[in-house]
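Subject: Structure for your review

Dear colleague,

Please find below the structure that I am handing over to you.

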Amino acid sequence: MSRSKAQTPASPGPGVRRVASRLVRVALTATVLGVVAVLLAIEAYTDAAFAPDARPPSGQTSGQVPTAVKDDGGPVIDATGDQPRTLRVPRNQIVLTFDDGPDPRWTPQILDVLARHHVPATFFVIGSEVARHPDLARREVAEGHEIGVHTFTHPDLGAIGGWRQRLEYAHTQLAIAYATGVKTSILRPPYSSTPDAVTDRDWPVLAATGRSGYLTVLDDTDSQDWARPGVDRIVANATPSGDGAIVLMHDAGGDRAQTVAALDRFIPQMQARGYQFATVSQALRDSLATPVNQPSSTNDRWRGAVVVHTVGLADLTLRLLWVLLLTVGVLTLARTLLMFTVAVRHSRSRRAAGFTWGVPVTEPVSVIVPAHDEQDTIAATVRTLVASDHPVEIVVVDDGSDDATSERVRELELDNVRLVRVPGGGKATALKAGVAMASHALIVMIDADTVVRPETIRRLIQPFADPAVGAVAGNVKVGNRASLIGRWQHLEYVIGFNLDRRLYDSLGCIPTVPGALGSFRRQALADAGGPPTDTLAEDTDLTMAVLRAGWRVVYEESAQAVTEAPATLRQLWRQRYRWSYGTMQAMWKHRHAVVERGASGRFGRVGLPLIALFSVILPVFGPLLDILAVYGVLFLDRWATLAGWIAVLIVQAITAVLAFRLDREPLRPLWALPLQQVAYRQIMYLVLVQSVVTALAGRRLGWQKIGRSGEVAQSVGG
């Protein structure tokens, strides 16, 4: 039966789809960052540094420790039943035990010594190391040795909660199950010693271990190989006093060359004295109902695979992050040095007494001002343009404004100002209309919230004295600097944008003539196809097209203008999101330049890679510096990490001072630089990451209109 019209569900409107798409992008971005954070947390957990196993007596009391344990008790504690009992190794037997492995360097050497002397041993393994080296744990079991739990990350069990203790045991069991196919019922707590050293702090841990089904294996003699006292001393420390013994050694946790050499001497000496070597279960076979190593279940092996591969993925993630950090660091340093050298040379050459672009340009200029809902700023912009000391024709293109933008222009009643109203089609469409209405061969494009100095237009067009120049980028400053957000953007414009333009100018590949202030030859615009309407960063797209058409694009630092930057984080996010996404659109649009000939090919093989590297790749991976700095402070060498971080800040501060000096700006705003590096930079990272996700998803982003406060216009009486 067909549904009636009223019963048919309405399809989601464009607003709902837009919100849903945005949520998907945000969720995807958050998921990627969350996965990296989780993997780093796992890496921090599994890579915890630890001290040697043997610890000196703590001086704590042992009144709560059962008499059977503390008074001449054996080194194996069975607390699985109602009453704890201890077990000893028979008089003529030695149980060699090795803690803290497996280690890819030392464990194979120890296994080789044991194999050469046909001696079995018991290895108390760290679960995270088993996850990293499952082949070594597999070899230990395959060669007849026994394996026991030494926790997953080697914590002091008395300092952590019961849930964490159980987690340490369970994860280690799973790693052992995956690597060897067995499960174990013996455990040695980290930092444990002989039975008489058990204190009231230790006993609750051992009792809980027993309730979990484990036999606790301590030691009779400690070789103290962890202190590396020399081969002779290790052999002497490990030698029993006549009884059987469980001997503590290590196959990881540091340089174990002395341990390997001592073991090769210790075994034949003890055999010559009539001792036999056995594993824990072999030595205690008469007291144990079942072997301590038994086959693990299929379920445990599968779960162990998850643990092992997660640790492997966490290790790989950190290694990749360090490689990326090193790469980004080297490239950033190279870029900084290049920018220093080029920017200083660029500034000196342009400011040299004899520098000139050629015969002064005096011909009149058409100034196009696209405007949409700019009633608070348009009057100030037009007034400053009219006050120019160069002849100008001003064409204001009202792109379907819903406010009084056109009325504000008419109220000025200025003869050299023409008002054109077009249906709302976006900024690029308005620029196209303005170019069509312009009367002159030189065209200046300026935003409706930008104010200029009387000399700005004249200085902006002087590079056209060189017939090869097709476009000129002006020097745009942030006008609304009173707020912290405005001050941060001021720093960004001076340190980032203007230094970059000096570098790109010297390399002949300026990627963007800013929409806030730029000029073009009409012929260059025609050769480039006019202002493009199929990308959001129309200024970047147009500039790339001009370069590909064979025209030179230059930066004129003396042509200064003041613009109104976004005043809120929301507006800032929307603007930079559009810029970042639009730049990626433009790069993708002009990708074929890489394989073309002539000027287009030169730009494609030089300009595009540089823009991709400096504008997308390096900024996208910029957060690595902050992520690994935090990671290093928390989990690695804190002071070395802080020293590196401070060194980076010093380089950034020097770069900032240079940029401000070159732009002849006062240095006072630089007090906000450290906070900008911590807070503002993170926002820009997130914007760029979201833009990359949007680009990879293949979604076309709509125009992001930024609200204006009119602060800059009011400062000039607009």
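Throughout this message, two residues are said to be in contact, or to touch, when heavy atoms of the two lie within 4.5 Å. Please also keep in mind that this is a predicted model.

**Strand 3 and the residue F98**

I begin with F98, which lies in strand 3 (residues 93-101). Leaving aside residues up to four places away in sequence, F98 touches I110, L114, A121, T122, F123, F124, M249, H250, D251 and L263. F98 is buried, since its relative accessible area is 0% and the limit for a buried residue is under 20%.

F98 also belongs to the largest nonpolar core, which has 47 residues. L96, F98, L114, L263 and F266 are the residues with the most contacts inside this core. Helix 9 gives the most to the core, namely six residues. A second, separate core has 46 residues, among them V422, A433, I443 and V513.

**Aromatic pairs and charges over rings**

The count of aromatic pairs comes to six. One of the aromatic pairs is that of F98 and F123, which is stacked, with 5.2 Å from centre to centre and 25° between the planes. Because F98 lies in strand 3 and F123 in strand 4 (residues 122-125), the pair ties together parts that are 25 residues apart in sequence. F123, like F98, is buried: the relative accessible area of F123 is 0%, and that of F98 is 0%.

Elsewhere, Y493, F497 and W579 form one aromatic cluster. The charged end of R335 sits over the ring of F614, at 5.0 Å from the ring centre. For R591, the ring is that of W588, and the charged end sits 4.0 Å from its centre.

**Backbone details in the loops**

The peptide bond from G101 to P102 is cis, with omega near 0°. P102 lies in the loop between strand 3 and helix 3 (106-116).

The loop between helix 3 and strand 4 holds H118. Although H118 is not a glycine, its phi is positive, at about 55°. Is H118 buried or exposed? H118 counts as exposed, because its relative accessibility is 72% and the limit for an exposed residue is over 50%.

D373 is a further residue other than glycine with a positive phi, in this case near 55°. D373 is found in the loop between strand 13 (365-371) and helix 12 (378-386). With a relative accessibility of 28%, D373 counts as partly exposed.

In helix 8 (residues 231-238), the residues V231, I234, V235, N237 and A238 are buried. Seen down the axis of helix 8, these buried residues fall within an arc of 165°, and they therefore line one face of the helix. Against which elements do the buried residues of helix 8 pack? They pack against strand 9 (221-222), strand 10 (245-250) and helix 9 (257-272).

S347 is found in helix 11 (residues 298-351). S347 counts as buried, at 3% relative accessibility. Not counting residues up to four places away in sequence, S347 touches R502, E557 and L662.

L658 has its place in helix 22 (residues 638-662). At 15% relative accessibility, L658 counts as buried, and it touches F340 and V344 when residues up to four places away in sequence are not counted. From C-alpha to C-alpha, L658 and V494 are 9.9 Å apart in space, while in sequence they are 164 residues apart.

**The chain as a whole**

The secondary structure of the chain comes to 24 helices and 20 strands. The chain has 718 residues, of which 53% count as buried. Its accessible surface comes to about 31400 Å², and 58% of this belongs to carbon and sulfur atoms. Of the contacts between residues at least 6 apart in sequence, 82% join residues at least 24 apart.

Yours sincerely,

A colleague

Notes
Residues are numbered from 1 along each chain as its sequence is written. This is a predicted model: local features need pLDDT of at least 70, side-chain atom pairs count only at pLDDT 80 or more; totals for chains, interfaces and linings use all residues. Side-chain values use heavy atoms; hydrogens and water are left out. Helices (H or I, at least four residues) and strands (E, at least two) are DSSP runs, numbered from the N terminus. Buried means under 20% relative accessible area, exposed over 50%, partly exposed in between (1.4 Å probe, protein chains only). Accessible areas come from the Shrake-Rupley method with a 1.4 Å probe; for residues, only the protein chains shown count as cover. The arc is that of the directions from the helix axis to the C-beta atoms. A nonpolar core is a set of buried Ala, Val, Leu, Ile, Met, Phe, Trp, Tyr and Cys residues joined through side-chain atoms within 4.5 Å. Rings of Phe, Tyr and Trp (its six-membered ring) pair if their centres lie within 6.5 Å; planes under 30 degrees apart count as stacked, over 60 as edge-to-face and the rest as tilted. A charge sits over a ring if NZ of Lys or CZ of Arg is within 6 Å of the ring centre and within 35 degrees of the ring normal.
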